[in-house]
Amino acid sequence: MKPYSVSLEVSGRTAMFTRPDTGSSPVSYPVPTYSAVKGIFETILMLRQASVVPTKVEICAPVAFHSYTTNYLGPARQSGKNGALQIPATVLTDVRYRLYARAYHDDRPLPYSKNGKEGGSRCSHGGHAYRDIFNRRIDSGQSFRVPFLGWKEFTVDYFGPFRNGTTVQDDINLFIPSLFKSFCKDGRGKATQWKPVFMNNVEIRGGVLHYV
């Protein structure tokens with residue numbers, strides 16, 4: 001079955017798409033990662049009979065970085081230390097993107113929800129259903145969770161259909177040697193672990209990055 005295209009525009013004051021190689025003082029990539037884009041689509045709609053594959057992102061605002069400090073209270077602090085651990089970071093500011101993806105049908109014979117009636121309606125084409133429901137949700141400003149830009153505290157200030165005043169920054173041309181994509185399961189017997197997947201030698205041309 002053919003895939004169905006979905007898209008939306010997002011913007012926000014701050015974003016953080018962490019480069020794994022920057023350690024304890026994280027620095028953001030200049031663009032959202034594949035997994036971050038997938039997560040944005042899935043905060044708006046996730047269907048059991050559809051899978052969403054990000055295809056590209058268009059940068060619609062100048063790339064600008066800013067220093068940011070966050071307080072960490074997690075278990076990685078040294079024992080006996082009181083108070084929060086302050087972590088410096090380099091984040092993106094005033095971002096705006098157009099995000100694109102394809103919705104594919106998932107062959108699992110499941111109803112739309114766990115509460116579906118026995119013998120009730122089933123989704124015969126998850127990709128088609130995803131596109132239609134997704135478009136209705138962004139037109140009405142609905143989401144299951146508030147979409148965020150990398151870190152959960154960096155929520156969007158807009159998500160929805162493309163706005164008339166938004167234009168692609170076609171003067172942005174960048175080269176990224178290694179761009180984090182996602183985590184995948186590396187199953188070896190009972191020792192199933194997650195391993196990172198990277199995209200190598202990634203080019204942003206005319207403000208556009210293609211994931212596939």
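Buried here means under 20% relative accessible area, exposed means over 50%, and partly exposed is anything in between, using a 1.4 Å probe on protein chains only. By that cut-off Thr93 is buried, because its relative accessible area is 17%. What you're looking at is a predicted model: local features need pLDDT of at least 70, side-chain atom pairs count only at pLDDT 80 or more, and totals for chains, interfaces and linings use all residues. Residues are numbered from 1 along each chain as its sequence is written, and side-chain values use heavy atoms, with hydrogens and water left out.

**Overall layout**

- The chain has two helices and eight strands, where helices (H or I, at least four residues) and strands (E, at least two) are DSSP runs numbered from the N terminus.
- Going along the sequence, the pattern reads β-α-β-β-β-α-β-β-β-β.
- Of the 212 residues in the chain, 40% are buried.
- Contact means heavy atoms within 4.5 Å; of the contacts between residues at least 6 apart in sequence, 74% link residues at least 24 apart.

**Helix H2**

- The buried residues of H2 are Gly126, Gly127, Ala129, Tyr130, Phe134, Arg137 and Ile138.
- Looking down the axis of H2, these buried residues sit within an arc of 150°, so they line one face of the helix; the arc is taken from the directions from the helix axis to the C-beta atoms.
- Arg136 and Asp139 are exposed, on the face of H2 turned away from its buried side.
- The cover over the buried residues of H2 includes strand S1 (4–15), H1, S2, strand S4 (85–105) and strand S5 (158–160).

- Thr93 lies in strand S4, and setting aside residues up to four places away in sequence, Thr93 touches Arg13, Ala64 and His66.
- Val95 is in strand S4 too, and counts as buried because its relative accessible area is 7%.
- Leaving out neighbours within four places in sequence, Val95 contacts Val10, Ser11, Gly12, Ala15, Ala61 and Leu149.
- Between Val95 and Ala64 there are 31 residues of sequence separation, and 8.2 Å in space, C-alpha to C-alpha.

**Cavities**

- Rolling a probe the size of a water molecule over the atoms shows where empty space is left.
- On a 1 Å grid over the protein atoms alone, a cavity is a set of points where a 1.4 Å probe fits but cannot get out; a pocket is an open set with protein on both sides within 12 Å along at least five of seven lines; and lining residues have an atom within 4 Å of a point.
- Grid points are joined across faces, edges and corners, and a volume is the space filled by probe spheres set on the points.
- Searching the whole structure turns up two cavities of 30 Å³ or more, and the largest cavity holds about 40 Å³ of space.
- The lining of the largest cavity includes Ala64, Thr93 and Val95, and S4 gives the most to that lining, with five residues.
- For residue classes, Ala, Val, Leu, Ile, Met, Phe, Trp, Tyr, Cys and Pro count as nonpolar, Asp, Glu, Lys and Arg as charged, and the others, Gly among them, as polar.
- By class, that cavity lining has nine nonpolar residues, one polar and one charged.

**Pockets**

- The largest pocket contains about 400 Å³ of space.
- Its lining has 16 residues, with Thr33, Ser35, Ala36, Gly150 and Phe180 nearest the centre.
- Helix H1 (34–44) and strand S6 (174–186) each give at least two residues to the lining of the largest pocket, and H1 has the largest share, with five.
- That lining splits into nine nonpolar, six polar and one charged residues.
- The second largest pocket contains about 150 Å³ of space.
- Ten residues line the second largest pocket, and Glu42, Met46, Leu47, Ala50 and Ser51 are the closest to its centre.
- H1 and strand S2 (50–59) are the elements giving two or more residues to the lining of the second largest pocket, and S2 has the largest share, with three.
- The lining of the second largest pocket has four nonpolar, one polar and five charged residues.
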